[in-house]
Every structure is written in structure tokens, then in C-alpha cells.
Amino acid sequence: GTVELWNPATAETVTVHQLTYKVTCVAVWTNPQDREDIRIVSGCSGSVELWNPATPEIKTIIEHQEEVDCDPKCLAVLRDGCIVWGGCWDNTVQLWKPQTEKSTTIIQHPGNWWGDEFRVNCLAVLSDGRVVFGNGSITVLLWDSKMREITKIIEHGDGVTCLAGLPDGRVVFGGRDNTVWLWDSNAQELDMIIVHDDLVSCLTVLPDGRVISGSKDKTVRLW
């Protein structure tokens, strides 16, 4: 597995990190004590690592035990430098604090350990610092990073495959039922905004608030 860095000015790609196993997710991490200390955090089979692309220094944040099959599917960085990730087969969401360099479990889903139903597929950090998660069953969870607790839960018709936060704090998510939904957690409003002909595999939010979604039906749609 490799992590590649692409320069849009030159269209050149450079391999900045080489791993033994496949890379499943990456994010940019900034040291809250030194804003010029910018590193990359990456998830791969069995571990989450924090590293500097300019030096060989690598910090292993967590290395799962052999009996826990773990391929982190998603991760994100909070404003205070904490790193949150999910997607392991133990159905947990983990939070790593740079101040203590320790990880804690913040969400433990019930259910079959080896089933895909409760495995976290996606997560995103909202503009107010809250974290939203989508899993393989029918739920979207909203976690308050200040209160350190789940504040909202919404049920969806099928597994949630991707999600993102809008600038105004609303959440957009897509699922296996071919639909994209817009959720206002404060007003508790849920609206269907896009319908595909197959599973929604990815989506993103443009700076002007519009939503783009991609699907296994080989289309990209704009809302």
C-alpha cells in the first residue's frame, strides 16, 4: 500500500509513504500546539499511523490485536488535534488524544462482531465540531465532541455508505437504497434530494453548498 501526493501545479505524483498493507483512509493532521507542524494520518490493515512526509518519523497511534480484524474505513481530525476513526470489525469508533497519546472507545455498536451491519462506513466533522457517523445498518449517529456523547440518532431505510457536512451544519448522506438525503439535526427534518438507479458510493459538498453524488449506476448527479 502507498500514499501518493499529487501536485496540481505540475500534475506530478510522488509516493510519500510506503506501507506493508493496503491504505484505507487518509487525512491531514495539524498539531494544536504548533500550527506549522502538519502531518498525515493514515489507516491501513491493523493500524492507524501519524507521520511526517518530509521525515522518516512514524508514530503508530494504535495497533489492533491479531484477533480483531481491523481495516479502518474512515477517519477525521478534530479541531483540538484529536483523531477519530471507525470501520473495524469490532464495531467501535475510537478517539485518539495527542495530549495523552492514548485511544479510547467513544462508540460501541452492538451486534455480530463479524457482521457488516454495525460496522462504521463513513464519518465527517461538522462545522460546529460535532462528528457524524454512518454504519452498515440503518442509522446515522451524531456525536458531540464537547459533551463526549451521542446527541442525535436517525434511522435510514438501508445501510449508509457515504456522508458529508454542509457549511450550515446540515448533513447529507447516501445509502444502499440508491438515495441521497439531507438531514437538519436541529429541526429534525429529513428530505430526499437525489435518487440514483444503484447504490450511492460517494458524495461531496461544493463551497457554494451544492451536493455532488456518484453511484454504481455510473452517473454523477448535482443537487
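**View 1. Arg170 and its salt bridge to Asp168.** Arg170 is partly exposed, with a relative accessible area of 26%; partly exposed lies between buried (under 20% relative accessible area) and exposed (over 50%), for a 1.4 Å probe and protein chains only. The side chain of Arg170 meets that of Asp168 in a salt bridge, 2.9 Å from N to O. A salt bridge here is a side-chain nitrogen of Lys or Arg within 4 Å of a carboxyl oxygen of Asp or Glu. By this rule the structure holds seven salt bridges. The model is predicted: local features need pLDDT of at least 70, side-chain atom pairs count only at pLDDT 80 or more, and totals for chains, interfaces and linings use all residues. Residues are numbered from 1 along each chain as its sequence is written, and side-chain values use heavy atoms, with hydrogens and water left out.

**View 2. The salt bridge between Glu101 and Lys59.** The closest N and O atoms of Glu101 and Lys59 are 3.4 Å apart, and the two residues form a salt bridge. Glu101 lies in the loop between β9 (92-97) and β10 (102-108), whereas Lys59 belongs to strand β6 (residues 58-63), so the pair ties together parts that are 42 residues apart in sequence. Strands (E, at least two residues) are DSSP runs, numbered from the N terminus. Glu101 is partly exposed at a relative accessible area of 47%; Lys59 is partly exposed at 25%.

View 3. A salt bridge joins the side chains of Arg221 and Asp217, at 3.7 Å from N to O. Arg221 counts as partly exposed at 29% relative accessibility, while Asp217 is buried, with a relative accessible area of 16%. Salt bridges that share partners link Asp197, Asp217 and Arg221 into one network.

**View 4. The open sheet β15-β16-β17-β18.** Four strands form this open sheet in the order given, with antiparallel pairing. Two strands count as paired if DSSP finds at least two bridges between them. β15 (160-165) and β18 (189-195) are the edge strands, each pairing on one side only. From one strand to the next, the twist averages 25°; axes are lines fitted to C-alpha atoms, and angles run from 0 to 180 degrees between N-to-C directions.

**View 5. The pairing of β17 with β18.** Strand β17 (residues 179-184) and β18 run antiparallel and are joined by six bridges. Leu182 stands opposite Asp191 in β18. Strands of a sheet pair through backbone hydrogen bonds, either parallel or antiparallel.
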